[in-house]
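Hi there,

Here is the structure I promised to pass on to you. Please have a look, and then read on for what turned up in it.

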Amino acid sequence: MNTKFKSPQQFFRQRRLRLGLVFAALLIIYLVSVIVVNFQTLTSLAQVPAGLVWLFKNFVPTQQSISYLGPILYQLWRTLIVAVSSTICASLIGLILAILGAKTTSPTPALRWIIRFSASLLRNIPVVAWAMILLFSFKQSDFTGFLALFFMTLGYLTRAFTETIEDLDREKLQALQAVGANYFQCVFCGVLPEVASTLTSWVLYMIENNLRDATLVGILTGTGVGFLFNHYFKQFRYDAAGLIVLLIAVLVILLELTSTQIRRAIA
Amino acid sequence: MLKVIHLNKTYGQTKRSLKDVNFTAQPGEVTAIIGPSGAGKTTILRSINQLIRDDSGQILLDDQDIRQSNKAGLRKIRHHIGMIFQNYNLISPLTALENVLHGRLGAKSTLAGVFGMYSAAEKSEALRLLQEVGLGDYAYQRCDQLSGGQQQRVGIARALMQHPKMILCDEPIASLDPKSTKIVMDILRQLAQEKQLIILINLHQIDIALDYADHIVGINSGEIVFEGPSTDVNDQVLQQIYRQAEQPEQAVTANEH
Amino acid sequence: MIENSSSNTKSLPTLPATKRVTLLTKPRLILRGVLLALALITIYSLITLDRAGLKFGEAFQSLGVNLKAMFLQPTVGQDTWALLLRALATSVGLAMLTTLLGALFAFFIAVFSARNLVPGWLATSIKAVMAFIRSIPTILWVLIYSVVMGLGANAAVVGLTFHSIAYLVKAYSESIEETSTDTIEALKASGVGFWPIIFQAILPSIIPALLSWTFIRFEINFANAIAVGAAAGADDIGYYLFMASGFYFNFHEVGLIVYLLLGVAIVLEIVSMKLRGHYLQKN
């Protein structure tokens, strides 16, 4: 280290300078963003409490909103199963891709790079873009949402699965190879049991995430609970919209709690 | 002088961990508390700076009762009591120098503390203290790059930075190798003599305690069973201190907190 | 298919009833149950999915045509380069702004929701409120705020920040809870107060974790900013994406916008790698 012979004063001056630079950079980023976005910091922050008050006044479901409960619950259920099925389908294909693409189990490096690149491409195209592209070909159907979530999830899970498999201790595989297991035996008896709980944990996480994204996709593609929210919202039926928000929150929290429990149980 | 008088502590409904503990520790001397695991060594040490609130009794440091002070008063008293730990408890991503300077935080206003504003004199003193414990060359190293023995010496320098009247040492050498043990214990004994500090150490190594301590407090099941100069400790005394607790002791000592 | 993997648990020849050898431990049993349930839901879902009379052959064919138009012949369409780049800058700005604001507020809230710093009831109640905010999709927060503040940048920023705070409080408070109570105790023992401990001891220990969470949130916020543009009409690249594909059906422009977004994603990836590498090296 070349810092050995510094005096404490010098050391702290340097440290302060560095800290100062970081703060200056953050401030500049903030100010530039404010200008680019055209955001009025103080006015907006001052409106936050009023917004919350408004929210509690108008978004609270009333007696009348109960009548909307039927269609809302139905759409919520549709949205949930689209989120689940898109995640599961993506995870099956993602798993195959990950086994072919992970350093430890990949048959050839060329395949590895192709899979890496495609996964990164899929992941980095925002779900909004997926929804809009697919909407044109697949119209206003659940299938559009399903595919949009599927493609994005496939990108995410392929990467997550690949990393999980690569984190696996190489020696464990070597132990199996030493016993004389072939490639498929290695994969099915060595790799998969070892990573099963981590992978499931990722799948559960993606389901939670996709449930939230499904709402957004629904707004864009006119399906599921997102569409219903948008519908009520645009007609100023805020109590019904509020009921949807509340139910989504309850569903997401329930899902989170369940998957935490499952994770703990399979760990 | 530290005087502990009639100190009692009960955990839960029934389990009494300290029963009428009385002892004194003199400046300029190393006082060692020895005893089997779970006897209450840690509880005594942490009661002295009130990290553990005891139930009754008096703890007099230079005739001032620590137990009677309010929150602000306690912070002030704590600032004059250094403490070092088995696991050093340094902030590992920070440099040795910064960790030593943390010894001054207790004396600062909240704002100065938050921004870590130290005077030039304090910085020089921190460097000098590091040199005193033999770590002058490591002042700008991150603490997680230092060995255990070196980290413990940074811990001692941090305690000294408080200008303490007393240093409490909670199993300071339990995680150290023999060589580092000797360095750390030598430093502590030297501090007691040169700076006239009260050094109070929890130890589970009897030989080290007898080698380094002037004064021994033996404790068993929360009761003081021996107090006197280390020269008075003989086999009979040791048997009394460690009675009944011999077999399981070795296994759990390292984890004791 | 994970279930199949442990085929070594196939029924063994029945042994005397005393002790059956089984490789099926309880966690594995639960794992299988969960996967089975998810598989059943998936199958049910795929069967009942509303296809709205889609002809799949045609649909996939048209998707192929569109993808070709997008990726092989990108153009600016009815907008200009200047307009699209400016919109892209707005999206990045939105993401940066909301991440910075979110991080600032989240840090202070996180301090009061870390179990090793404050009483349990306070931590639990703050965490519960945050969990509630987090469970509502970002886009809904933006739409809700756009009623109060009017459609546009302000509502977008507030809505996005709201969700960012809730997300980061969780991440930050968990990082704070991971710092050892022993080091905190060491400073308490020397009479150091609450805030100096936060800034001098806890903050330096968790900066790498904070940085990495904040950066993850930045990436999420960038995606969210696009969503907000598309669904709530903020004047950013998401809006142009929405217009090009949903209104003008110009897939050449959609392609260009997707390329722009991929460009930003690549830059973000590189920056995040550099940032982490730099920080780890420095310390």
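In this predicted model, the centres of domain 1 and domain 2 of chain B, taken over C-alpha atoms, are separated by 25 Å. The domain assignment gives chain B a domain 1 made of 1-80 + 166-257 and a domain 2 covering 88-163. Where the two touch, domain 1 of chain B puts in twelve residues and domain 2 of chain B puts in ten residues. On the domain 1 side, the elements that give two or more residues are α2 (71-79) and α7 (178-195) of chain B. Of these, α7(B) has the largest share, four residues. Sorted by class, that side of domain 1 of chain B has six nonpolar, four polar and two charged residues.

Next, the contact between chains A and C: it takes 65 residues from chain A and 65 residues from chain C. Several helices of chain A each supply at least two residues of the side that touches chain C, among them α1 (8-37), α3 (69-101), α8 (183-221) and α10 (238-266). The largest share of that side comes from α8(A), with twelve residues. By class, the side of chain A that touches chain C has 48 nonpolar, 14 polar and three charged residues.

One residue to look at in chain C is C:L268, found in helix α11 (residues 251-282). C:L268 and C:E219 are 49 residues apart in sequence, and their C-alpha atoms are 7.6 Å apart in space.

Best wishes

Terms used
Residues are numbered from 1 along each chain as its sequence is written. Chains are lettered from A and ligands numbered from 1 in the order in which they are written. This is a predicted model: local features need pLDDT of at least 70, side-chain atom pairs count only at pLDDT 80 or more; totals for chains, interfaces and linings use all residues. Two residues are in contact if their C-beta atoms, placed from the backbone, lie within 7 Å. Ala, Val, Leu, Ile, Met, Phe, Trp, Tyr, Cys and Pro count as nonpolar, Asp, Glu, Lys and Arg as charged, and the others, Gly among them, as polar. Domain bounds come from an automatic or database domain assignment.
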